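Subject: Structure handover

Hello,

Here is the structure I promised to pass on. Please open it before you read my notes.

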Amino acid sequence: MKVRTRSSAILGTICLVGSLALGPASADEPTAPKQAAVALTEVARAQNPIAGAAGPDDTVWIAERAGTVRVLTDQGLGQPVLDISDETTTTGERGLLGVAFAPDLAHFYISYTNLEGTSTIDEFAVQDGALQPDTRRTVLTQTQPYENHNGGDIKFGPDGYLYIALGDGGAGGDPHGNGQKLDTLLGKILRIDPAGAEPYAIPSDNPFVDDPNAKDEIWSYGLRNPWRFSFDSGTGDLLIGDVGQSDWEEIDWSPASSEGGENYGWASMEGTHPFRGGTEPANHVPPVFEYDRNGLGCSVTGGYVYRGDAIPDLQGQYVYSDYCDGTLRTLKIENGAVTGQGDLAVNGGEVISFVQGGDGELYALGLGGSISRIDAA
């Protein structure tokens, strides 16, 4: 979640009037991909919907920030199947922040900040499509020094491991230098095996397992607030929407063949730009795309590469938005370079997250309450 002074005063339905900056990985001006004609179909409303995951029997499970999880079916949004509202708080940027199913749908994971502000990942067994409350266990915790930049997104990768996004710990400008430190989990994407041990196992090929000065869980680092990330279900590539500090919003990309260890630069860099006189790290992996805040955008919401069947013209394009702007936009990324940019000409309000259904179709969640499917117009 991304609560900002600027964004709180801007309605998510305002259209972006500034231009997006070309991502640094492309040397030539990208052309717009074939324009997909889409519409946003509101399929349900919820109380601050904030995250979601494809569940059993073609359902989509929706997390509400205050601590409830509800199941979306063709009949609409059901009553809560989980309620941890007495265990979390919505102060600052806290709350229930992420949910994920294991690939076999036999376990369900939640990512939230507890009443002390500690980032927590819990696991539940799932039987016949239903949570088993008595099986709940805590997988991982990380204390947070401030109320903001919790990250909180969780996803299973194509390799079957659980990836966890954690912000730099908060305040402003990364005062503790967590983004570049390898002895903390803050400012990182983590990779663990929750089924391999109690409470979890470290994959043997994680990039820092042989470094005594680094946390074994780290997959990549140099991130400020990787609020939403995803894996391309067609290629396995990883895409991260990392919220900027002052001037630049960025989207980071790594191929499915990556062995991890990427340094995305924060807080020495904000996008491709030195931050407050910082020096670019020698191993800096620049974003595949960045945009400035000359318009109304102020907080990137990472999305998904579209792999559904309902909108052929959208196939293979990365769909993303901005919490303060709400316009749905696209990138065509080929071999680590942006080769096309698009505007879907629809606005999802304060777009806080995207959800990919089991059929590959996408939903946009507006923090104000809307759950909208992206349909062909």
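My notes on the fold, some strands and a few backbone details follow.

First, the ground rules. This is a predicted model: local features need pLDDT of at least 70, side-chain atom pairs count only at pLDDT 80 or more, and totals for chains, interfaces and linings use all residues. Residues are numbered from 1 along each chain as its sequence is written, and side-chain values use heavy atoms, with hydrogens and water left out.

**Overall**

The protein has 27 strands and zero helices. Both are DSSP runs, numbered from the N terminus: helices are H or I with at least four residues, strands are E with at least two. The radius of gyration is 19 Å, close to the 21 Å that the globule rule gives for 377 residues, so the protein is as compact as a globular protein of that length. That radius is taken over C-alpha atoms, and the rule is 2.2 Å times the number of residues to the power 0.38. The C-alpha trace spans about 55 × 55 × 40 Å along its principal axes.

Of the 377 residues, 61% count as buried. Buried means under 20% relative accessible area, exposed means over 50%, and partly exposed lies in between (1.4 Å probe, protein chains only). The exposed surface comes to about 14,200 Å², and carbon and sulfur atoms supply 46% of it. These areas come from the Shrake-Rupley method with a 1.4 Å probe; for residues, only the protein chains shown count as cover.

Among contacts with a separation of 6 or more, 59% are between residues 24 or more positions apart. A contact means heavy atoms within 4.5 Å.

Look at strand 26 (residues 362-366). Five of its five residues are buried, so the strand is largely enclosed by the rest of the structure. In a regular strand the side chains alternate between the two faces of the sheet. Here L362, A364 and G366 point one way, while Y363 and L365 point the other way.

Strand 26 runs antiparallel to strand 25 (residues 351-356), and five bridges join them. Two strands pair if DSSP finds at least two bridges between them. S353 has L365 as its bridge partner in strand 26. Five residues lie between the strands of this hairpin, where G360 takes a positive phi near 85°.

Strand 27 (residues 370-376) is also antiparallel to strand 26, with three bridges. Y363 stands opposite R373 in strand 27. This hairpin has three residues between its strands, and G369 takes a positive phi near 140°.

**Strands 23 and 24**

Seven bridges join strand 23 (residues 327-334) to strand 24 (residues 337-347), and the two run antiparallel. I333 stands opposite V338 in strand 24. The hairpin has two residues between the strands, and N335 takes a positive phi near 55°.

L331 sits in strand 23. L331 is buried, at 0% relative accessible area. Leaving out residues up to four places away in sequence, L331 touches I251, F289, Q317, Y318, Y320, V338, G340 and Q341. The C-alpha atoms of L331 and Y320 are separated by 8.2 Å, eleven residues apart along the chain.

**Loops worth checking**

N48 lies in the loop between strand 1 (38-45) and strand 2 (49-54). N48 is partly exposed, at 27% relative accessible area. Beyond residues up to four places away in sequence, N48 touches A63, E64, R65 and L367.

There are cis peptide bonds to look at. The bond from E198 to P199 is cis, with omega near 0°. P199 is in the loop between strand 13 (188-192) and strand 14 (218-221). The bond from W266 to A267 is also cis, with omega near 5°. A267 is in the loop between strand 17 (248-254) and strand 18 (269-270).

Two residues other than glycine have a positive phi near 50°: D128 and R276. D128 lies between strand 9 (119-127) and strand 10 (130-142), and counts as exposed at 78% relative accessibility. R276 lies between strand 19 (273-274) and strand 20 (289-292), and counts as exposed at 64%.

Best wishes
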